Amino acid sequence: MSKFRRVPAAAGKPAAAGTTAAAPPEGVRVSKLMAERGLCSRREADGYIEQGLVFVDGERITTLGTRAAPDAVITLDTGARAQQAKRVTILLHKPMGYVSGQAEDGYTPAAALISATSQVPDDKQRFHPAFMRGLAPAGRLDIDSTGLLVLTQDGRIARLLIGDESEIEKEYLVRVAGTLSAQGLKLLNHGLSLDGKPLRPAKVSWANEDQLRFVLREGKKRQIRRMCELVGLRVNGLKRVRIGRIPLGDLPVGQWRLLRENEKF
């Protein structure tokens, strides 16, 4: 017996007054399961389902909203895998003065730096305008910060880096001014809260006499600057030097390269 069922579009809507509410639908949306398993993003999953490129327990599905058992076997057709293989992920050394996402307050988005002239010369695959289609930043980097910024067309990578359950480390070098006590350093590692919520444990240590090294597994807005303010420090410079296993390395400021086939976050 199949482990999945198709749910009509109206399923789950509140019952009209005076009627008996329908039982909640069984199972989990296939698109949600696919995203949770890192197969693709939910939006991409819906596209694959509509194209008939998804199999649940060996049976092809084409109806959006299809639900399945949490342990159902979900596979992608070769056509979907071919589409994923064509998606690019770009590593950019973002300069100061650019916003990581959409243009705001007259500032230019970092994606505007992606062009044929700013690509490093040793990339085997050269820039094509199709790279810009659906390209989005996987995480933020403040306008007054520099360093490694990832932009991707691949929902799997975006979820890996910025999903709620992401465990990917981000490493920063932070130039600071002020006096940091032993207790302040301890609090930077664990014990601070922002916006009324405790921060996850971090790894913070001195890199040199005026720079701290931060390794975080989360990315709240202006998190490092706000953490430093809480222990009496002022940030004079912030640079992201690593995301997961991918270092910024010697990538020049304002230039970019493609994520290579042998590189994994």
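Modeller: Welcome! Keep in mind that this is a predicted model.

Colleague: Thanks! How many residues lie between strand 15 and strand 16 in their hairpin?

Modeller: In the pairing of these strands, lysine 203 stands opposite valine 215 in strand 16. Strand 15 and strand 16 form a hairpin, and the number of residues between them is 2.

Colleague: Which residue of strand 16 does valine 174 stand opposite?

Modeller: Here we turn to another partner of strand 16, namely strand 12, which pairs with it in the antiparallel sense over 6 bridges. Within strand 16, the residue opposite valine 174 is leucine 212.

Colleague: How many of the 6 residues of strand 16 are buried?

Modeller: Strand 16 spans residues 211-216 and is mostly covered. The number of buried residues is 5.

Colleague: On to helix 4: why are its buried residues on the same side?

Modeller: Helix 4 covers residues 155-162, and its buried residues are Gly155, Ile157 and Leu161. They lie on the same side of helix 4 because the arc they cover around the axis is only 160°.

Colleague: Is glycine 47 buried or partly exposed?

Modeller: Glycine 47 sits in helix 2, and helix 2 (42-50) is among the elements covering the buried residues of helix 4. Buried means under 20% relative accessible area. Glycine 47 has 21%, so the word for this residue is partly exposed.

Notes: Residues numbered from 1 in each chain as written. Predicted model: local features only at pLDDT ≥ 70, side-chain atom pairs only at ≥ 80, totals over all residues. Heavy atoms only, no water. Buried < 20%, exposed > 50% of the residue type's maximum accessible area, 1.4 Å probe, protein only. Helix = DSSP H or I, 4+ residues; strand = E, 2+ residues; numbered from the N terminus. Arc of directions from axis to C-beta. Contact = heavy atoms within 4.5 Å. Pairing = 2+ DSSP bridges.
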